[in-house]
There are 2 protein chains.
Amino acid sequence: MKPVVFIGAGPGAADLITLRGAQRLASAEVVLFDALTDPALRELAPQARWIDVGKRGFCNSTGQLAINALLVRHARSGRAVVRLKGGDPSVFGRLEEELQALAAAGVGAEVVPGVTAAIAAAAATQRPLTRRGTGRSVSLTTAMTQSGDLQATRTADTEVFYMAGRQLAALGRRLQQAAWPADTPVLVVSRAGWPDQLQSDHRVGSLAEAALLHAGRPTVVTVGVGAAPLEQAPKRESATAPGLARREPRMQP
Amino acid sequence: MKPVVFIGAGPGAADLITLRGAQRLASAEVVLFDALTDPALRELAPQARWIDVGKRGFCNSTGQLAINALLVRHARSGRAVVRLKGGDPSVFGRLEEELQALAAAGVGAEVVPGVTAAIAAAAATQRPLTRRGTGRSVSLTTAMTQSGDLQATRTADTEVFYMAGRQLAALGRRLQQAAWPADTPVLVVSRAGWPDQLQSDHRVGSLAEAALLHAGRPTVVTVGVGAAPLEQAPKRESATAPGLARREPRMQP
C-alpha cells in the first residue's frame with residue numbers, strides 16, 4: 001500500500017499550494033478534498049478521481065468517521081491517495097483523527113504542509129503578525145469549543161481567531177471580558193488570499209459592525225499588535241476589492 | 001517602479017515554496033536572499049542577480065538598515081526585485097521594517113506567504129499542532145527578547161518557540177518557572193523540512209539534554225499538547241535520518 005499524502009492546499013487561490021503539493025497531486029489517482037479548496041486545483045490532477053468530502057453530510061462527527069473509512073478503503077485498493085485540505089493540515093485540520101485511522105489500518109502517511117489562513121491574511125493585508133519590540137508572540141486559536149460555546153483569551157501580543165465569522169458580535173464581547181481594551185485594533189479578513197478577499201478594520205469594542213460585510217464567508221479575525229496598519233503603509237498593489245480594502249466601517253445612524 | 005515582491009521560501013527544501021512564489025521568482029531580475037534559504041531555489045531564477053544579505057555583516061540592526069537601502073536602490077533602478085525570506089515573511093521575518101522603508105521611498109510591495117517553521121515541523125513529524133478537544137490554541141513565539149533575555153510563558157495549549165536552539169537548557173528552566181509541569185512533552189526539530197532534519201522527544205524538566213543533538217542548527221521547540229506523539233503512530237515513510245528520527249535521548253552516565 002502506498003502512503004496516503006495529506007496536502008495543505010493553502011488558503012484559497014490554487015497557486016498558493018507548494019511545489020511539493022502540486023507534484024504529489026500530479027501523481028494522485030484518488031483525491032479526497034474539502035469544499036473549501038479552490039476548484040482550479042483540479043487542473044493539477046486531471047487524471048485523478050476527485051471525491052468531495054466537504055459536503056454537508058461529512059460535516060459532523062459521523063462525517064469524520066466516513067472520511068476516515070474512505071481514506072482507508074482507497075489506500076487498501078493500492079491507489080495513490082491524496083487527502084487535500086484547505087490551509088495547513090496541522091492547524092485546525094483534524095489531521096490527528098485521520099492519521100490515527102490510517103495507523104490503525106496499517107497505512108502509512110506523508111504530510112505536505114501548507115499556508116495557513118492567518119498567515120495568508122497577514123500577507124494579503126501587509127500586516128505582519130510579529131512586530132519588532134511589541135509583537136513577539138502570535139496565537140492561532142478557535143473561539144468555538146467542542147460544545148459550541150464561544151471563548152476568548154488574551155494570551156499573546158497578537159491573536160488570530162479561526163472559525164469565528166458567524167459570531168463576531170459575541171467574540172467582541174468575550175474579548176473585552178478577557179481584558180482586551182475596547183480600542184484594541186481588530187482586522188477582519190474573509191476569503192483570505194482569494195481574488196474576492198475582503199478586509200476591514202475595527203476595534204474590539206465595535207467588532208459587531210464587521211458581521212454584515214463578512215457574512216457567510218470563511219473569516220479570520222486578527223486582534224492586537226499584528227492587526228494594526230504599519231505606521232507608513234506602502235502603496236497597495238493588491239487584488240482586494242477597491243473601496244472595500246482598508247475600509248473603516250461606520251455604524252449605521 | 002515595480003513593487004518589490006516579498007516571498008516566503010518556506011522552511012528549507014526548495015519544493016516547499018508556493019507555486020506563486022516560484023512564478024514570481026522566475027520573473028525576478030534581482031533577488032535579495034537570506035542565508036537560511038535553500039541554494040536550490042536559485043534554479044527557479046537563474047536569470048536574476050542573487051545578493052546574499054544573510055551574511056554576518058547584515059545580522060545586526062545596522063545590517064537591517066543596509067538591507068532596507070539595498071531594497072530601495074534596486075527598486076528605484078526599475079528592476080523586478082524579489083526579497084526572499086526563509087519560512088513566512090509575516091512571522092519573525094522583520095517584514096515590518098522593510099515594508100516601512102519601501103513605503104517611505106514610495107515603492108509598492110506584494111507579499112507572497114510561505115510555510116512557517118512551526119508548521120513545517122508539525123508536518124514532517126506528523127504531530128498536528130491542534131488536537132481535538134485538548135489542543136485548541138497554538139502560540140508561535142520567540143523566547144529571546146530584544147535585550148537578549150530569555151522569556152517563556154504558558155498561554156496556549158501548544159507553544160512553539162523560534163530561535164531558542166542555543167539556549168535549550170535555559171528555556172527548560174524558564175518553562176518550569178512559567179508553570180509548565182516538568183513532564184510536559186517537548187518536541188525539538190532542527191532543520192525542519194530539510195533532508196537532514198533531526199527530531200527528538202523530551203520533557204520540559206529534561207530539555208537541556210537536547211542541546212548537543214541540535215547544536216548549531218535552526219531549531220523549533222514545540223511544547224505541550226501538540227508535541228506529543230499520536231496515540232497510534234502511523235508507520236513512518238519520512239525522510240528523517242534513520243535511527244535519529246523519534247530518538248529518545250538519554251543523559252550520559
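In β4(A), which residue is the bridge partner of A:Val31? The bridge partner is A:Val82. The model is predicted: local features need pLDDT of at least 70, side-chain atom pairs count only at pLDDT 80 or more, and totals for chains, interfaces and linings use all residues. Residues are numbered from 1 along each chain as its sequence is written, chains are lettered from A and ligands numbered from 1 in the order in which they are written, and side-chain values use heavy atoms, with hydrogens and water left out.

Strands (E, at least two residues) and helices (H or I, at least four) are DSSP runs, numbered from the N terminus. Two strands pair if DSSP finds at least two bridges between them. Strand β2 (residues 30-33) of chain A runs parallel to β4(A), joined by four bridges. Strand β1 (residues 4-8) of chain A also pairs with β4(A) in the parallel sense over four bridges, and here A:Ile7 has A:Leu84 as its bridge partner. The open sheet of chain A comprises five strands in the order β3-β2-β4-β1-β5, with parallel pairing. Its edge strands, β3 (49-52) and β5 (109-112), each pair on one side only. On average, neighbouring strands of this sheet are turned by 20° against each other, direction ignored. Helix α3 (residues 95-104) of chain A lies across β1, β4 and β5, running at about 170° to β1(A); axes are lines fitted to C-alpha atoms, for helices over the stretch in contact (heavy atoms within 4.5 Å), and angles run from 0 to 180 degrees between N-to-C directions.

Within strand β4 (residues 81-85) of chain A, five of five residues are buried, that is, under 20% relative accessible area, whereas exposed means over 50% and partly exposed lies in between (1.4 Å probe, protein chains only). A:Val81, A:Arg83 and A:Lys85 point one way, and A:Val82 and A:Leu84 the other.

A:Arg83 and A:Lys85 also belong to a network of salt bridges with A:Asp34 and A:Glu98; a salt bridge is a side-chain nitrogen of Lys or Arg within 4 Å of a carboxyl oxygen of Asp or Glu. In chain B, B:Arg83 forms a salt bridge with B:Asp34, with the closest N and O atoms 3.2 Å apart. This pair links β4 to the loop between β2 and β3 of chain B, 49 residues apart, and both residues are buried.

Another salt bridge joins A:Glu29 and A:Lys2 (3.6 Å, N to O). Because A:Glu29 lies in the loop between α1 (19-26) and β2 and A:Lys2 in the segment before β1, the pair ties together parts 27 residues apart in sequence.
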